[in-house]
Every structure is written in C-alpha cells, then in structure tokens.
Amino acid sequence: MSFYGASDLDAMLAEFGVPVVLGSQTVDGILDISDVGDAGELITKQASVLVKTGALKNLKEGASLDVDGKSYLVTGTDQLGDGATTQVFLGPV
Amino acid sequence: MPPIEAQENLIVDVILPVLQGIGTPPTNWLTAPTVVYGIPGDSIEPDTLFLAPLTCVFNSEDDELDGSGFRGSATRVHFALWAAAKDVRTAFNLLADGRRALWAASASLQAVAEYGADWIDSIEIDLERSRAGFVLALMKFHASPVVSRTA
C-alpha cells in the first residue's frame, strides 16, 4: 500500500532520525521522550519512536527494539494520520 | 504553652516512618520500594522502575459525620499512596505492603487520630501509562483526628 507524500518521509527520517534496529533490520526513526501526567500526580517518562509503516517486519508488542543504541521493549504501536507512519511506544526492557 | 503542631503533620510524622520501613527486616515484605513524601517534581525514569517509588501525599480535609449524619468535631485527613511498578502484580504488592504498614501503625496513629485511622477509601489502577512500561496504582485512605479547640 502506498501513501500520498510517502516519498518525502525517507528524506525526513534520514535528516532527523536515529537508527532503529529490530533483529537484523535497521531503519531510521524519530525518537521522542516526553513526560506524561498532570500536576499533583506522579509524572512518568514516555518514550516513542516514529517509523515508516511497514518498514519493520514483525514489529509488535513485546518485541525488543534498539533505538539509537539503547534497548527498549515495544509496548504498543499506533498508525498515525493517513497511516504512512507508525508511532512505536517504548518501555524499559 | 508550646505551640501545637498541625494535626495533619502529626499524622504524617506517624505514618511516614512506618511506610519507609517497608522492605526492611524482620517483617517479610513483598517489595522494597523507595518511599518519598509528596509528589516528586521530576518525572520518573523508566530505567529506575525497579525502585518502585511509593508516594504519600496529603489530599484534603472535610468534616466527619457520625452515624446519624450529625457533624462531629473530628475531621478526615485524606492521603493517597501512589505506587509505580512495571506490572500490575507488583503494583498491587506495593499497595499490600503499604496497607500492612498502615495497620501496623494503627496503635501509634490512634494517639494523634483518636477517631480512627487507616480507613481505605479506594484503590485505583491507572493503566494510561502502561505504554510507557509503567503501572500506577493509587490507594486513598484517611485518618480522623479530633479537631483541637485549644485557643
């Protein structure tokens, strides 16, 4: 399946991305680490990485992923917008 | 007469050391958490999850009603115990240890909260953070001190 403007994604990921490794596959992805929670609650860190949808075979919850040299456990995936990109949520190994 | 410390603070002075003793012998605890009073300003790193912070915070205060609905001269001082863990099972174990610690403090707490202590109001699980590899569990409880009428 192809997405409108998908060809621009490669340039964007190459410019801003970091290496994302799943098994023997390596792609570029954009790493985000943000704080989750409201004032008066425990605030926790949420890491995620944005990759092209379908770029990584067997990407699913429970998979081990190396992002920019650090190991994570995939805790879920969300296909975003028109579906061209997937946000991969990351937890500690 | 020396000034009397606020009742809320007196209660915290009793329960905090007991909670901070979770994980230490001779009691066989399920967990060995880091215990912090108040909500930390900084966010918790996933890499430090194994520490399973347990947080105690003062929530609010209201009038105590007796069984017939009349307002008494006791208040309810509410607290929340936050437990952060990597999984639901560990989060529940943290709260179980917290509960045991509070029960163990009952006698001491009675001295500053005459109308009873450690009543569990609710237990909630926040699964919103599960994608960050966290489970947050929240146990709300209260103690009921008599309002001081000393001028």
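## A briefing on chains A and B

Lys52(A) is partly exposed, with a relative accessible area of 25%; here buried means under 20% relative accessible area, exposed means over 50%, and partly exposed lies in between (1.4 Å probe, protein chains only). This is a predicted model, in which local features need pLDDT of at least 70, side-chain atom pairs count only at pLDDT 80 or more, and totals for chains, interfaces and linings use all residues. Residues are numbered from 1 along each chain as its sequence is written, chains are lettered from A and ligands numbered from 1 in the order in which they are written, and side-chain values use heavy atoms, leaving out hydrogens and water. Let's take a tour, one topic at a time.

**Salt bridges**

- Over all chains, the structure holds six salt bridges, each being a side-chain nitrogen of Lys or Arg within 4 Å of a carboxyl oxygen of Asp or Glu.
- Lys52(A) joins its side chain to that of Asp10(A) in one such bridge, at 3.0 Å from N to O. This pair links distant parts of the chain, with Lys52(A) in strand E3 of chain A and Asp10(A) in helix H1 (residues 6–16) of chain A, 42 residues apart. (Helices, H or I with at least four residues, and strands, E with at least two, are DSSP runs numbered from the N terminus.)
- Asp10(A) is partly exposed, at 42% relative accessible area.
- In chain B, Lys140(B) and Glu124(B) form a salt bridge whose closest N and O atoms are 3.4 Å apart. Lys140(B) lies in strand E5 and Glu124(B) in strand E4 of chain B, so the pair ties together parts 16 residues apart in sequence.
- Both partners are partly exposed: Lys140(B) has a relative accessible area of 28%, and Glu124(B) has 34%.

**Where the chains meet**

- The contact (heavy atoms within 4.5 Å) takes 20 residues from chain B and 20 from chain A.
- About 1,700 Å² is buried between the two chains, and carbon and sulfur atoms give 58% of that area. Ser43(B), Arg129(B) and Arg131(B) supply 40% of the area that chain B buries against chain A, more than any other three residues. Buried area is the accessible area (1.4 Å probe) that two parts lose on being put together, summed over both.
- How many salt bridges does the rule find across the interface of chain B and chain A? The rule finds one there.
- Asp78(A) forms a salt bridge with Arg131(B), with their closest N and O atoms 3.0 Å apart. This pair crosses between chains, from strand E5 of chain A to the loop between E4 and E5 of chain B.
- Asp78(A) is partly exposed at 28% relative accessible area, and Arg131(B) is partly exposed at 26%.

**The build of chain B**

- Chain B has three helices and five strands, which follow the pattern α-β-β-β-α-α-β-β along the sequence.
- Of its 151 residues, 42% count as buried.
- Helix H1 (residues 7–20) of chain B has 14 residues and reaches 20 Å from its first C-alpha to its last, close to the 20 Å expected at 1.5 Å a residue. That expected span is 1.5 Å times one less than the number of residues.
- Buried residues in H1(B) include Ile11(B), Ile15(B) and Leu19(B).
- Arg100(B) lies in helix H2 of chain B and is partly exposed, at 36% relative accessibility. Leaving aside residues up to four places away in sequence, Arg100(B) touches Thr27(B), Asn28(B) and Trp29(B).

**A nonpolar patch on chain B**

- Val88(B), Phe92(B), Trp103(B), Ile120(B), Ile123(B) and Leu127(B) form a nonpolar patch on the surface, with about 520 Å² of accessible area together.
- Which element gives the most to the nonpolar patch? H2(B) does, with three residues.
- Leu127(B) sits in the loop between E4 and strand E5 (135–143) of chain B, and is exposed at 52% relative accessible area.
- Patches are made of residues with over 30% relative accessible area and no salt bridge, with like charges joined within 9 Å and nonpolar side chains (Val, Leu, Ile, Met, Phe, Trp, Tyr) within 5 Å. Accessible areas come from the Shrake-Rupley method with a 1.4 Å probe, and for residues only the protein chains shown count as cover.

**Backbone details**

- Most residues other than glycine have a negative phi, and most peptide bonds are trans.
- The peptide bond from Pro25(B) to Pro26(B) is cis, with omega near 10 degrees.
- Asn58(A) has a positive phi, near 65 degrees, and is exposed at 66% relative accessibility.
- Asp68(A) also has a positive phi, about 55 degrees, and is found in the loop between E4 and strand E5 (70–80) of chain A.
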